[in-house]
Amino acid sequence: MNEDALARKLAAEHSLTLEEYEALISGRNKDTALYLADEAVKVRERIYGKDVFVRGLIEISSYCKNDCLYCGIRRGNKNAERYRLTEDEILTCADEGYDLGFRTFVLQGGEDAYFTDERVCAVVSEIKRRHPDCAVTLSLGERTRESYKRLRDAGADRYLLRHETADREHYARLHPPEMSYDNRMECLYTLRELGYQVGCGFMVGSPYQTARCLAEDLAFIERFRPEMCGIGPFIPHHGTPFGGEAAGTLEMTCFLLSVIRLIHPPVLLPATTALGTIDPRGRERGILSGANVVMPNLSPVSVRKKYELYDNKICTGEESAQCRGCLEARMESIGYKIVTSRGDAAGFEQK
Ligand code: SAH
């Protein structure tokens with residue numbers, strides 16, 4: 001089958017084989033991309049209408065024990081300025097976010113030993129106590145089953161853990177030897193078992209990524225059927241071993257957003273900050289390719305520049321209200337509207 005036939009098959013059946021995904025990616029052209037974006041938007045609008053969900057992102061710590069080769073806050077980056085928010089600061093961010101209409105908070109950070117189960121549980125349960133109508137999402141990397149269970153019991157609803165790549169060899173080229181593909185995948189299944197709504201995801205255009213790697217990502221998404229899937233372009237950070245590599249493209253990211261929407265129609269798919277960083281209208285283009293979530297930054301402005309995963313990250317100088325307003329206007333400019341519900345995945349009953 002040529003890419004045209006493959007695109008039509010995907011739109012009709014929501015499924016391709018690994019080889020077919022690979023051929024679709026390698027053979028893609030402007031027409032297949034336009035066709036898939038059109039189909040993806042139709043599918044998305046059937047389920048979610050013109051609604052775009054917002055998640056308030058609170059970056060709680062830039063300390064990290066890991067040394068991922070792509071990431072600006074890797075422990076090996078000795079020039080990174082480190083910070084961590086106090087419990088009070090996190091709660092203040094959430095309170096401010098609540099007043100701005102946010103009903104989902106994402107606490108994200110490096111793998112920082114300071115954030116023990118006890119500390120994270122305390123923050124999570126306090127946010128849930130103050131704002132029982134809100135969902136709390138955690139994105140704190142790999143932890144033990146016991147830890148994930150305690151956080152879940154404390155009230156965490158969702159967990160974002162990008163698988164980064166579903167290709168074992170590729171994983172090994174993006175991470176130091178002490179990090180394990182198997183453990184990362186295992187974490188995702190554990191989180192699901194514990195009743196979290198789970199988000200996986202990967203970077204587009206990371207070094208050594210091939211069409212085959214991306215096909216494996218897509219096949220994994222088809223198998224795993226995550227509630228959420230975060231994809232954004234890889235962007236080099238000057239203080240990492242990949243500092244001189246090329247960034248992923250808007251074109252490829254948008255193409256994959258459309259494909260993922262068609263593979264798994266109800267998936268929550270953010271138009272990421274990284275997409276907005278490589279193109280001034282990247283997030284709008286993401287929504288018009290099938291995404292339905294945006295994640296404005298609620299971190300205190302004083303620390304924003306220090307959570308620098310990649311160079312030239314946008315939204316590091318604005319107050320939360322400005323970020324919220326800016327995204328609202330951007331969504332309106334393309335005929336979409338930001339909604340302030342918890343924004344659970346369709347078909348996922350609130351527990
Ligand atoms: N420590 C947490 C959060 C990681 S930061 C965890 O392990 O899940 C969130 C995501 O940012 C990462 O999963 C990665 O996919 C992405 N990221 C890191 N460095 C990046 C870069 N240079 N360009 C684009 N995205 C990057």
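Student: Of the contacts in the protein chain with a separation of 6 or more, what percentage comes from residues 24 or more positions apart?
Tutor: Keep in mind that this is a predicted model. Take the contacts with a separation of 6 or more, then pick out those between residues 24 or more positions apart. Their share is 75%.

Student: Which radius of gyration does the protein chain have, and why does it agree with a compact globule?
Tutor: The chain has 351 residues, so a compact globule would have a radius of gyration near 20 Å. The C-alpha trace spans about 55 × 45 × 40 Å along its principal axes. The radius of gyration agrees with the globule value, at 19 Å.

Student: How many helices and strands does the protein chain have?
Tutor: Helix H3 covers 30-48, and strand S2 covers 56-61. Over the protein chain, the count is 14 helices and 9 strands.

Student: What percentage of the residues in the protein chain is buried?
Tutor: Buried means under 20% relative accessible area. The protein chain exposes about 13,800 Å², and carbon and sulfur atoms supply 49% of that area. Of the 351 residues, the buried share is 61%.

Student: Which element gives the most residues to the lining of the largest cavity?
Tutor: This cavity holds about 1,000 Å³ of space. It has 49 lining residues, and the closest to its centre are Gln108, Ser139, Arg162, Tyr307 and Leu309. Elements that give two or more residues include strand S3 (104-109), strand S4 (135-139) and helix H11 (273-278). With 5 residues, the top contributor is S7.

Student: How many nonpolar, polar and charged residues are in the lining of the largest cavity?
Tutor: Sort the lining by class. Tyr and Leu count as nonpolar, and Arg counts as charged. The lining of the largest cavity has 27 nonpolar, 13 polar and 9 charged residues.

Student: What volume does the second largest cavity have?
Tutor: Its lining includes Leu57, Glu59, Arg283, Met295 and Lys313. By class, that lining has 7 nonpolar, 2 polar and 3 charged residues. The volume of the second largest cavity is about 80 Å³.

Student: Which helix supplies the largest share of the lining of the largest pocket?
Tutor: A pocket is an open set of points. The largest pocket has a volume of about 310 Å³. It has 13 lining residues, and the closest to its centre are Lys30, Ala33, Leu34, Cys254 and Arg285. Helix H3 (30-48) and helix H10 (250-263) each supply at least two lining residues, but the largest share, 5 residues, comes from H3.

Student: Is threonine 272 buried or exposed?
Tutor: Threonine 272 sits in the loop between H10 and H11. Beyond its neighbours within four places in sequence, threonine 272 is in contact with Arg162, Ile231, Gly232, Pro233 and Arg283. Its relative accessible area is 10%, so threonine 272 is buried.

Student: What is phi of tyrosine 208?
Tutor: Tyrosine 208 is in the loop between S6 and helix H9 (211-224). Its relative accessible area is 44%, so tyrosine 208 counts as partly exposed. Tyrosine 208 is not a glycine, yet its phi is positive, about 70°.

Student: Where is arginine 225 found?
Tutor: Arginine 225 is a residue other than glycine with a positive phi, near 50°. At 40% relative accessible area, arginine 225 is partly exposed. Its place is in the loop between H9 and S7.

Student: How far apart in space are lysine 78 and valine 123, C-alpha to C-alpha?
Tutor: Lysine 78 lies in the loop between S2 and helix H4 (87-99). Its relative accessibility is 71%, so lysine 78 counts as exposed. Lysine 78 and valine 123 are 45 residues apart in sequence. In space, the C-alpha to C-alpha distance is 29 Å.

Definitions and conventions. Residues numbered from 1 in each chain as written. Predicted model: local features only at pLDDT ≥ 70, side-chain atom pairs only at ≥ 80, totals over all residues. Heavy atoms only, no water. 1 Å grid on protein atoms, 1.4 Å probe; cavity = no way out; pocket = protein on both sides within 12 Å on 5 of 7 lines; lining within 4 Å. Points joined across faces, edges and corners; volume = space filled by probe spheres on them. Helix = DSSP H or I, 4+ residues; strand = E, 2+ residues; numbered from the N terminus. Rg over C-alpha atoms; globule rule 2.2 N^0.38 Å. Buried < 20%, exposed > 50% of the residue type's maximum accessible area, 1.4 Å probe, protein only. Contact = heavy atoms within 4.5 Å. Areas by Shrake-Rupley, 256 points an atom, 1.4 Å probe, with all protein chains shown as cover.
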